[in-house]
Amino acid sequence: MTQTRLILITALLFTLFSNLSFFTNVIEVYPFEGMNILYILSLALLLFTFMVFLFTLLSSRYTTKAILIMMLIISSFTSYFMDSYHVVIDSEMIRNSMQTDLAESLDLFSVEMILYLIILGIVPSFFIYKIELKIDSFKIEFFRKLKTILLSLLVIVLIVVSFSKFYTSFFREHKSLRYYTNPTYWIYSIGDYISKTLNSGEVIVKPIGLDANITTPNRPHKLVIMVVGEATRADHLSLNGYDKETNPLLKRENIINFPKFYSCGTSTAYSVPCMFSIYNRDDYSYKKGISTQNVLDVLDHTKKVSILWRDNNSNSKGVATRLTHQNFKTSENNTICDIECRDEGMLVGLDRYIKEQKDRDILIILHQMGNHGPAYYKRYPKSFEKFTPVCKTNQLEKCSKESINNAYDNALLYSDYFLSKSINFLKKYNNQFSTTLLYISDHGESLGENGIYLHGMPYFIAPNAQKHVGAFIWFGDNSHNDIDKEKEYSQDNLFHTLLGLFNVKTEVYQKEMDILR
Ligand SMILES: [Zn+2]
């Protein structure tokens, strides 16, 4: 078989079998009737031709088979995740998967995933591997490729010109539809990820707030626990009026709840560094985030605050790299582990840490496992299984809406317990310290509304469920009763609120961004 023919067949396979999500989304916008039928067929032809063009550009006697096989294998996974969870494989999703550990990956494992891998990945790859490629002389190969490239370009131009009105609407008004094409969009996303991530040379971290100081030492000293939550959408908290009681313990504490709090991104890898950074959501980028010091560094510049980051989620996503970071996902550090290490284990041993910090303010950050999906049923000990029946698979699309919600809400109940336990831990120190607990979830979560699950959608098309998050603050001395609770806040406020909380004087502090002022 010639390379061209192999490429044509593979492109056809991709168009027919790996783009279910794409065509489903297209048909939602352009119902399969009347002229739309013609448009959708032209779209399929366009996708096919574009792949032929792309694969031919990348082909050579030594690369064709390897590239096609790699694309088939990767696309079998992307197809699975797109078809089952309705996620989009953009550069942030690539960043998330690059930062995923084995435990998180195993959480996603399923029989269907293996079937996708075998049917869409391994079987066609096997045939490609076995096929004998007919390689002609350089001259013949060159002209054959040139012919294919020119012909496919011509077809692309012809299609777009003939249906120009449709394609204007498709590319301008429904920009998000092409996020679902496979394998073209993930290939683009890898390029996008690399350009957003890799620097030419070493990352130089720009210092900020070097003038930071606590001019009048805090008396009593501050003892602050900040909990970074995981995937807690605001509308599932009874604190925000959810009809199921998901906050039975927190409602008894004197907390100041923020019902209108919004995240910076829709994934952990984006939101966590963003919320601690000096940049607002509109200005933030991954590169800016890692190459600029964050609010914890500024607090550290005062030399009067001890900072400890404990992590039961993944890691600090670069936020605590210059500070003390402890991994609590392992039973070596975390003493409360059953099927997995529990968030409350992060409280063990804090008494000793606090005792060791002589005459200093203290900030402890606890990064929760929280409501990390899709295996919500694993996120809580059995005794928290109050809402039943529970979805006990990671294949959410197989479960009823009710059982997914139940599993998710039970995990919220466990977080409610962990957060109230953290508050009660702080109460012991009320006489010695000025105590505060601040809670903010990193992003929200989709639970099957419109077929969308999990999180990580590009911000501008992400549903509110992924952006509207749980957040509250608690003060041991009940101060700050004057906070405007009903105001809309976001993770942009954290940088300045933490500085204000410790009474830090610095040029980078903006009073109007501080929730407490
Ligand atoms: Zn997260």
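User: Leaving aside its neighbours within four places in sequence, which residues is serine 271 in contact with?

Analyst: Contact means heavy atoms within 4.5 Å. By that rule serine 271 is in contact with Ser263, Cys264, Gly265, Thr266, Asp442, His443 and Gln491, neighbours within four places in sequence being left aside. This is a predicted model, where local features need pLDDT of at least 70 and side-chain atom pairs count only at pLDDT 80 or more, while totals for chains, interfaces and linings use all residues. Residues are numbered from 1 along each chain as its sequence is written, and side-chain values use heavy atoms, with hydrogens and water left out.

User: Where is serine 271 placed, and is it buried or exposed?

Analyst: Helices (H or I, at least four residues) and strands (E, at least two) are DSSP runs, numbered from the N terminus. Serine 271 belongs to helix 11, residues 268-276. Buried means under 20% relative accessible area, exposed over 50%, and partly exposed in between, using a 1.4 Å probe and protein chains only. With 0% relative accessibility, serine 271 is buried. Aspartate 442 and histidine 443 are both buried too.

User: How many salt bridges does a search of the whole structure find?

Analyst: A salt bridge is a side-chain nitrogen of Lys or Arg within 4 Å of a carboxyl oxygen of Asp or Glu. The search finds 26. One of them joins lysine 329 to aspartate 101, with the closest N and O atoms 2.9 Å apart. Lysine 329 is in the loop between strand 5 (324-327) and helix 14 (350-356), and aspartate 101 in the loop between helix 5 (91-98) and helix 6 (102-108), so this pair ties together parts 228 residues apart in sequence. Lysine 329 is partly exposed, at 24% relative accessible area, and aspartate 101 is partly exposed at 27%.

User: What separates glutamate 141 and arginine 144 in helix 8?

Analyst: An α-helix has 3.6 residues a turn, so residues three or four places apart point the same way. Glutamate 141 and arginine 144 are three residues apart in helix 8 (residues 138-162), about one helical turn. Their side chains form a salt bridge of 3.4 Å, N to O.

User: At what angle do helix 1 and helix 4 pack?

Analyst: Two packed helices are described by the angle between their axes and the distance between the axes. Axes are lines fitted to C-alpha atoms, for helices over the stretch in contact, and angles run from 0 to 180 degrees between N-to-C directions. Helix 1 (residues 3-17) and helix 4 (residues 64-85) pack at about 5°, with axes 11 Å apart. Angles under 35 degrees count as roughly parallel, over 145 as roughly antiparallel, 65 to 115 as roughly perpendicular and the rest as oblique. Helix 1 is therefore roughly parallel to helix 4. Residues making the contact include Leu6 and Phe14 of helix 1 and Leu68 and Met71 of helix 4.

User: How many of the residues of helix 5 are buried?

Analyst: Six of its eight residues are buried, leaving helix 5 mostly covered. The buried residues pack against helix 10 (184-197), helix 11 and helix 12 (286-290).
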